[in-house]
Amino acid sequence: TLVAHALKDWAASGALWRDLAVSLCELIIAFGASALVGIPLGVAMGWNRPAEYALSPFIWLLYSTPIVSFWPLFIIWLGIGMNAIIALAFLFSVVQIVINTMAGVKGIDPVLIRCARSFNARTSDLFFKFTLPAALLMIVAGLRLALGRALIGVIVGELFSSTAGLGFHISFYGAKLRFADVFASLFVIVVLGVGMSQAIRLVESRLLKWKP
């Protein structure tokens with residue numbers, strides 16, 4: 001009941017919509033950038049062996065490194081505010097997209113490739129008509145996982161240094177020991193994450209209508 005009242009007061013004051021807009025803007029920019037970078041990079045690594053050998057050590061280094069440890073560097077390079085938060089969320093999510101995309105491209109059945117080549121399929125046909133459709137399921141799965149990680153990156157960044165956003169709301173009221181307001185923030189974050197994940201799932205179902 002206390003959480004419901006806190007959520008109602010937060011919405012009535014208008015601060016909820018401001019905080020939600022700030023966090024959503026940071027999330028969309030970070031997630032969009034990670035998709036634009038991660039998908040082509042993962043395709044290149046899965047399709048081209050030299051590219052995989054050259055880039056794989058850096059990708060796995062980022063994967064195994066605690067991303068939060070980069071935060072002081074982001075503050076120095078980008079300053080306190082939205083840019084640093086977006087950079088943190090980008091690093092949280094881009095590696096997941098790269099790894100899943102690479103696995104999807106490399107996971108295509110070699111028998112299918114040999115069958116296509118026996119019918120004189122060109123390299124472009126192999127790539128656009130066989131490899132990408134076969135990898136689509138893994139790519140979308142990577143996007144869904146990356147979305148959750150990007151949301152975590154946004155909230156963590158706002159906890160550290162922000163004057164608005166859902167993470168700032170948690171930090172501000174947590175310091176005042178007003179836990180009903182903290183749980184109200186957590187409720188909004190969960191609803192946001194689940195809603196966007198289901199939106200990606202809907203896109204996935206439309207893209208993969210051809211699968212039996």
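Glu-52 and Arg-49 both belong to helix 3 (residues 49-64), where they stand three residues apart, about one turn of the helix. Their side chains meet in a salt bridge, with an N to O distance of 3.9 Å. Glu-52 also pairs with Lys-106, the closest N and O atoms being 2.9 Å apart. These contacts belong to a predicted model, whose secondary structure comes to nine helices and zero strands.

**Salt bridges**

- A search of the whole structure finds four salt bridges.
- Arg-49, Glu-52 and Lys-106 are linked in a network of such bridges.
- Glu-52 counts as buried because its relative accessibility is 12%, and the cut-off for buried is under 20%.
- Lys-106, at 42% relative accessibility, counts as partly exposed.
- The spacing of Arg-49 and Glu-52 is three residues. An α-helix has 3.6 residues a turn, so residues three or four places apart point the same way.
- Another salt bridge joins the side chains of Arg-18 and Asp-19, at 3.4 Å from N to O.
- Arg-18 is partly exposed, with 45% relative accessibility, whereas Asp-19 is buried, with a relative accessible area of 1%.
- Side chains of opposite charge can pair when their charged atoms come close.

**Overall architecture**

- From the N terminus on, the elements of the protein run α-α-α-α-α-α-α-α-α.
- The C-alpha trace spans about 70 × 40 × 20 Å along its principal axes.
- The protein has 212 residues, of which 40% count as buried.

**Helix 5**

- Helix 5 covers residues 82-106; at 1.5 Å a residue, its 25 residues should span 36 Å, and the end C-alpha atoms are 36 Å apart, which agrees.
- A kink of about 25° is present in helix 5, centred on Ser-93.
- Because 20 of the 25 residues of helix 5 are buried, this helix is largely enclosed by the rest of the structure.

**Nonpolar core**

- The largest nonpolar core comprises 43 residues.
- The residues with the most contacts inside this core are Trp-10, Leu-27, Phe-31, Phe-74, Leu-88 and Leu-166.
- At least two residues of this core are supplied by each of helix 1 (2-13), helix 2 (15-47), helix 4 (71-78), helix 5, helix 7 (123-160), helix 8 (166-175) and helix 9.
- Helix 7 provides the largest share of this core, 12 residues.
- In soluble globular proteins, nonpolar side chains tend to be buried together.

- Val-43 is found in helix 2 and counts as buried, at 11% relative accessibility.
- Val-43 and Asn-100 are 57 residues apart along the chain, and their C-alpha atoms are separated by 9.6 Å.
- Val-37 also lies in helix 2, but this residue counts as partly exposed, at 39% relative accessibility.

**Nonpolar surface patch**

- Val-3, Leu-177, Phe-179, Phe-183 and Leu-186 make a nonpolar surface patch of about 470 Å².
- Helix 9 (residues 179-207) gives the most to this patch, with three residues.
- Phe-179, one of the patch residues, is placed in helix 9.
- Phe-179 counts as partly exposed because its relative accessibility is 46%; patches are made of residues with over 30% relative accessible area and no salt bridge.

Methods:
Residues numbered from 1 in each chain as written. Predicted model: local features only at pLDDT ≥ 70, side-chain atom pairs only at ≥ 80, totals over all residues. Heavy atoms only, no water. Patch = residues over 30% accessible without salt bridge, like charges linked within 9 Å, V, L, I, M, F, W, Y side chains within 5 Å. Areas by Shrake-Rupley, 256 points an atom, 1.4 Å probe, with all protein chains shown as cover. Helix = DSSP H or I, 4+ residues; strand = E, 2+ residues; numbered from the N terminus. Buried < 20%, exposed > 50% of the residue type's maximum accessible area, 1.4 Å probe, protein only. Expected span 1.5 Å × (residues − 1). Bend = angle between axes of the 7 residues up to and from the residue. Core = buried A, V, L, I, M, F, W, Y, C linked by side-chain atoms within 4.5 Å.
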